[in-house]
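Subject: Structure handover

Hello,

Here is the structure I said I would pass on. My notes on it follow below.

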Amino acid sequence: MPAVDLVRLNAEDRQRDRLGLPVRFAAPIKVNYTTANTGTWETLDDDHLVWRMRVSSPGALSLNFGFTEFRMPVGGRLMVYPVSDARAASAAPVRTYTDADNESHGQLWTPIVDGDEAVIEVVVPRAMKDQLKLRLTQVGHDYAGFRNIAAGRRSVFQTRGTSGSCNTDVVCPAGDAWRDQIRAVAAYSTGGSIFCTGSLVNNTANDRKMYFLTANHCGLSSSNAASLVTYWNYQNSTCRVPGSTASGQNGNGSLAQSLTGAFFRASNATSDFALLELDDPAPAAYNVYWAGWDRRSVEFPGSTGIHHPNGGEKRITHSTTATRTVAYGGGTGTTHVEASWAGGISVTEPGSSGSPLYSPDKRVIGQLHGGPSYCGAPAASMKDYYGRVSVSWAGGGTNSTRLSNWLDAGNTGATTLDGIGGSTTPTYSISGTITTSAGAGIANVIVSTGSASATTNSSGAYTLSGLSNGTYTLTPSLSGYTFSPTSRSVTVNSANVTGQNFTGSGPVGVQTYSNGTDYAINDNATVSSPIAVSGRTGNGQASTPVAVNIIHTYRGDLVVDLVAPDGSVYNLLNRSGGSADNVNQTFNVNLSGEALNGTWNLRVRDAATADTGRIDSWSITF
């Protein structure tokens, strides 16, 4: 790659900061590489070919790649990996993409890859080579450091990724009451160059659509939403004391959990919001949460921000001062919420833009636009401004400029909505090992020692972190469930404590059932993908979400039906969409007359010749 001008970039970044623009961490280098004009094809075996190219951009702290044409044939894969073996343990060394990553926008933007050299490699079945589409049009040269991942290579220009020392890690006690909401927040890059913060938000269908709320000034639009890369659970594993030297240095957060790509849904400059829908669900291992929201036009006695200051590990900021309705910058107006931070502990910084502000009821009331706060700021400047959800709700009055028709598509009129995590089950069993090492935790078990407490949030075998030697009380706390025993005392010492079990039962919550197995769609043929449901009572909902992801090169060929266990047929799509590729949408179906238990089928008929595809995945939520 051509050399980047660090002096010019640094000067531009100072100007960007003065203008309140989102933080830039990489210089975008425009290229035009395909498998036809660069790289090398070789025979891998009798049935497969391999193509490779090596990209070097000297001095880069990391690289990222933007493919504005990406279509991988069935059985093929793209891999991106660093050349050097001296890579950070916190970053995934090899990123792999398959035909499951084919999206209707036809693009693929990768997370960062450590170092200044990387290999891009494609393996395809020999017979499918002509179906591969791959065009690399941008290389992102990380000159500022999305995080300081290349130890010993820091330069005077590498300032990003380290937040101010006054900030508070989300794993600290200050985050104990906010464990669910913390899981909703992610750092992200767009265009392989800019980073901000955003959060998943719930909608009144409670269908776990991947709606992602952030700031309009972060520059997202229908033309670049596909370049969004979100990083989940990027946070330090220990609580660094706010104000300490350690808190002002790089942490050990991992960037390994990422999602690529999104579709633009709405934005409006007045309240500085943007809403995207991520084009893939999060793996269960990410344990994400969809935050609730409050669209009422009221003041709140306090507020909480969760964000990625300066692109660094996730932090939490509390205010015990009542919110104020203001214009951006504090003037007279009604478009923004002013939050004042107490005691100089925790602020926001560039990179926090788009992060959620929560009410004391743990609902999103705004997203960060900007403000004068910084570590060490005078008291009068310890505040920031968030575009109000109450204003964004109606926005500019159209579907593409408001939140209402996305977050309340059923027009329920709800003014508040609580958050939602993963689905619950009829019975609940908790068992495992308590150690003092870092790890996951028990589902909704409160660990208390006097006034200190922490709530952990995953089921099955568990590990509790941050416990020193001593006796602890474990208390199950899950709404609607009855546990036996109601609590347990355990003693933690140098040996692990095992066998602390809770069992319980309670109501079944909303659950999502899915089938991710590929089913080939051949010319003039019909195929079905089944989902078996058991252990449920009652009927479906009047508006039941059925999410369909079909890969096909001519969607106008397709007739798509939902077939209920009793054989009733609900048509979802009847040869509409013309020559467009793929079906990737959620249909709301009235299943109020259908019993839940039994085998549901997604049936797809290809009613023409020439184009084929597959059922990639589908799900039903009730």
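The charged end of K362 sits over the ring of W178, 4.8 Å from the ring centre. K129 is placed likewise over the ring of W41, with 4.5 Å to the centre. A charge counts as sitting over a ring if NZ of Lys or CZ of Arg is within 6 Å of the ring centre and within 35 degrees of the ring normal.

This is a predicted model, in which local features need pLDDT of at least 70 and side-chain atom pairs count only at pLDDT 80 or more, while totals for chains, interfaces and linings use all residues. Residues are numbered from 1 along each chain as its sequence is written, and side-chain values use heavy atoms, with hydrogens and water left out.

Next, the aromatic rings. The structure holds 10 aromatic pairs. Rings of Phe, Tyr and Trp (for Trp, the six-membered ring) pair if their centres lie within 6.5 Å; planes under 30 degrees apart are stacked, over 60 edge-to-face, and the rest tilted. One of the pairs is F25 with F195, tilted, at 5.9 Å centre to centre and 40 degrees between the planes. F25 lies in the loop between β1 (23-24) and β2 (26-34) and F195 in strand β14 (residues 194-200), so the pair ties together parts 170 residues apart in sequence. Strands are DSSP runs of E, at least two residues long, numbered from the N terminus. Both F25 and F195 are buried, where buried means under 20% relative accessible area, exposed over 50% and partly exposed in between (1.4 Å probe, protein chains only). Separately, Y188, F212 and W232 form one aromatic cluster.

On charges, the count comes to 21 salt bridges, each being a side-chain nitrogen of Lys or Arg within 4 Å of a carboxyl oxygen of Asp or Glu. D581 and R71 form one, at 3.2 Å from N to O. D581 is in the loop between β43 (569-574) and β44 (583-589) and R71 is in strand β5 (residues 62-71), so this pair ties together parts 510 residues apart in sequence. D581 is partly exposed at 29% relative accessible area, whereas R71 is buried at 12%.

Regards

Terms used:
Helix = DSSP H or I, 4+ residues; strand = E, 2+ residues; numbered from the N terminus.
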